[in-house]
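Here is a short briefing for someone meeting this structure for the first time. Please keep the sequence and the 3D view side by side as you read.

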Amino acid sequence: MEQMRRRSPRLPAFTYGAGWYFVTICTENREKCLAMIAPFVGADDSVRPCATSEMFEYKLMPLGEMVKECLERLEDRDGGVMVDEYVIMPNHIHVVIRLNEGTGGQSRPPLQRLIQRFKSITTRRGWEMGRRKLWQRSYYDHVIRCQEDYIRICEYINNNPAKWAEDEYYYAE
C-alpha cells in the first residue's frame with residue numbers, strides 16, 4: 001500500500017531567507033499548557049470568557065514562562081534574527097520574526113531551521129518539566145510583504161489575549 005505524503009504548507013518557490021514572518025506554533029493536541037486567560041470575578045459572560053473585553057486575567061504557566069525565555073533567547077541580532085512581537089496563548093504562540101541576509105545554514109531554509117531549533121530546545125526543556133511532547137507537528141507561517149500587513153499582524157498579536165474566546169484555537173473546558 002502506498003503511503004500518503006503530507007503536503008508542505010510552505011510556498012514552493014520561496015526561500016524563506018531574509019524577510020519578516022508571522023509564525024504560529026500550536027501545542028500538541030492544542031492542550032492549554034502555556035498560559036491561563038480567565039475573566040475577572042464578576043465578568044458577565046462565563047461561557048465565552050473575555051470576548052473583546054479587557055476584563056480578563058492573563059498569566060503564564062511554568063511551560064509558558066520557559067517558552068517566553070526561549071523566545072527571547074532566540075533573538076540574535078548579530079546572527080541576523082530579531083523576535084519583534086509575540087504572544088503566548090494557552091495552546092499556541094504567535095511571533096513576528098525578522099531574518100537578515102545570511103541567517104540559517106545547512107540544508108534547510110533559514111526560517112525552517114530557526115523554528116526547528118526553537119521547538120527542539122523548548123521540547124527538551126519541557127522534558128525536564130515532565131512534558132513528553134510539547135508541540136504539534138509543523139507550524140503556520142505567513143510572509144509579511146508590506147507595512148500594512150505588519151501593522152495588522154502586530155495589532156492581532158497585541159489584541160489576541162483579549163479576544164481569546166473568539167480565537168480559532170479556543171475551546172471550552
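Helix H1 (residues 62–74) lies across strands S4 and S5. H1 runs at about 160 degrees to S4. Such angles run from 0 to 180 degrees between N-to-C directions, with axes fitted to C-alpha atoms, for helices over the stretch in contact. Helices (H or I, at least four residues) and strands (E, at least two) are DSSP runs, numbered from the N terminus. The model is predicted: local features need pLDDT of at least 70, side-chain atom pairs need pLDDT 80 or more, and totals for chains, interfaces and linings use all residues. Residues are numbered from 1 along each chain as its sequence is written, and side-chain values use heavy atoms, leaving out hydrogens and water.

**The sheet**

- Four strands form an open sheet in the order S4-S5-S1-S6, with antiparallel pairing. Two strands pair if DSSP finds at least two bridges between them.
- Strands S4 (81–88) and S6 (140–144) stand at the edges. Each has a single partner strand, so one side of each is left without a neighbour in the sheet.
- From one strand to the next, the twist averages 20 degrees.
- S4 and strand S5 (residues 92–99) run antiparallel and are joined by seven bridges. Val-81 stands opposite Leu-99 in S5.
- S1 and S5 also run antiparallel, joined by eight bridges. Here Val-23 stands opposite Val-95 in S5.
- Five bridges pair S1 with S6 in the antiparallel sense. Phe-22 has His-142 in S6 as its bridge partner.
- S1 is mostly covered, with six of its eight residues buried. Buried means under 20% relative accessible area, exposed over 50%, and partly exposed in between (1.4 Å probe, protein chains only).

**Helix H2**

- H2 (residues 110–128) has 19 residues, which should span 27 Å at 1.5 Å a residue. The expected span is 1.5 Å times one less than the number of residues. The end C-alpha atoms of H2 are 28 Å apart, which agrees.
- The buried residues of H2 include Leu-111, Leu-114, Ile-115 and Phe-118. Lys-119 is also among them.
- An α-helix has 3.6 residues a turn, so residues three or four places apart point the same way.
- The buried residues of H2 pack against strand S1 (19–26), H1, S4, S5 and S6. Contact means heavy atoms within 4.5 Å.
- Just after H2, Gly-130 takes a positive phi of about 85 degrees.

**Aromatic pairs**

- Rings of Phe, Tyr and Trp (its six-membered ring) pair if their centres lie within 6.5 Å; planes under 30 degrees apart count as stacked, over 60 as edge-to-face and the rest as tilted. By this rule there are four aromatic pairs.
- Trp-20 and Tyr-150 form an edge-to-face pair, 5.3 Å centre to centre with 70 degrees between the planes. Trp-20 is in strand S1 and Tyr-150 in helix H3 (residues 147–159), 130 residues apart.
- Trp-20 is partly exposed at 26% relative accessibility. Tyr-150 is partly exposed too, at 24%.
- The ring centres of Phe-22 and Tyr-156 are 6.3 Å apart and their planes stand at 85 degrees, so this pair is edge-to-face. Phe-22 lies in S1 and Tyr-156 in H3, so the pair ties together parts 134 residues apart in sequence.
- Phe-22 is buried, with a relative accessible area of 8%. Tyr-156 is partly exposed at 34%.
- Phe-22, Tyr-140 and Tyr-156 form one aromatic cluster.
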